[in-house]
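Hi there,

Here is the structure I promised to pass on.

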Amino acid sequence: MAAPEKLVTTVSTKGQVILPSVIRKRREWGAGTRLQVEDTPEGVLLKPAPAFAETRPEDVFGSLPHSGEPKTLEEMDAGVLAEARRRHARD
């Protein structure tokens with residue numbers, strides 16, 4: 001197995017770093033890609049930033065008003081299936 005290639009870049013006076021194009025292309029990181037930066041013992045780790053903040057069920061539970069009797073799991077499953085069929089039919 002070949003040794004991984006060593007790529008070098010420079011930190012600008014503004015603290016900016018240009019990632020080599022071979023890495024940007026391999027990762028499909030185009031202009032405007034948001035990255036998370038993590039400081040690790042081995043160095044700096046860059047990962048794509050999530051599109052949305054993590055949400056816990058307790059943060060949103062009960063946030064939408066509902067009137068009437070609660071739906072059963074079977075009724076919810078049937079509703080989801082009906083909507084999936086409706087959306088698929090229009091494709």
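**Salt bridges**

Searching the whole structure turns up five salt bridges, a salt bridge being a side-chain nitrogen of Lys or Arg within 4 Å of a carboxyl oxygen of Asp or Glu. Before the details, please note that this is a predicted model, in which local features need pLDDT of at least 70 and side-chain atom pairs count only at pLDDT 80 or more, while totals for chains, interfaces and linings use all residues. Residues are numbered from 1 along each chain as its sequence is written, and side-chain values use heavy atoms, with hydrogens and water left out.

One of the salt bridges pairs Glu-83 with Arg-87, with 2.8 Å between the closest N and O atoms. Both residues sit in helix α3 (residues 73-89), four residues apart, which is about one turn of the helix. The classes are buried for under 20% relative accessible area, exposed for over 50% and partly exposed in between, with a 1.4 Å probe and protein chains only.

Elsewhere, salt bridges with shared partners link Arg-56, Glu-58 and Asp-59 into one network. Arg-56 reaches Glu-58 with the closest N and O atoms 3.6 Å apart, and for Asp-59 and Arg-56 that distance is 2.8 Å. As for accessibility, Arg-56 is partly exposed at 45%, Asp-59 is partly exposed at 44% and Glu-58 is exposed at 55%.

Back in helix α3 there is also Arg-85, which is exposed with a relative accessible area of 57%. Between Arg-85 and Pro-57 there are 28 residues in sequence and 27 Å in space, C-alpha to C-alpha.

Strands β1 (residues 35-40) and β2 (residues 43-48) run antiparallel and are joined by six bridges; two strands count as paired if DSSP finds at least two bridges between them. They make a hairpin with two residues between them. Within this pairing, Gln-36 has Lys-47 in β2 as its bridge partner.

Glu-28 is exposed, at 70% relative accessible area.

**The largest pocket**

The largest pocket holds about 440 Å³ of space. A pocket here is an open set of points on a 1 Å grid over the protein atoms alone, where a 1.4 Å probe fits, with protein on both sides within 12 Å along at least five of seven lines; lining residues have an atom within 4 Å of a point. Grid points are joined across faces, edges and corners, and the volume is the space filled by probe spheres set on the points.

Its lining has 16 residues, with Glu-5, Lys-6, Leu-7, Ile-23 and Arg-26 nearest the centre. Both α1 and β2 supply at least two lining residues each, and α1 gives the most, with three. By type, the lining splits into eleven nonpolar, one polar and four charged residues. Nonpolar covers Ala, Val, Leu, Ile, Met, Phe, Trp, Tyr, Cys and Pro, charged covers Asp, Glu, Lys and Arg, and the others, Gly among them, are polar.

Best wishes
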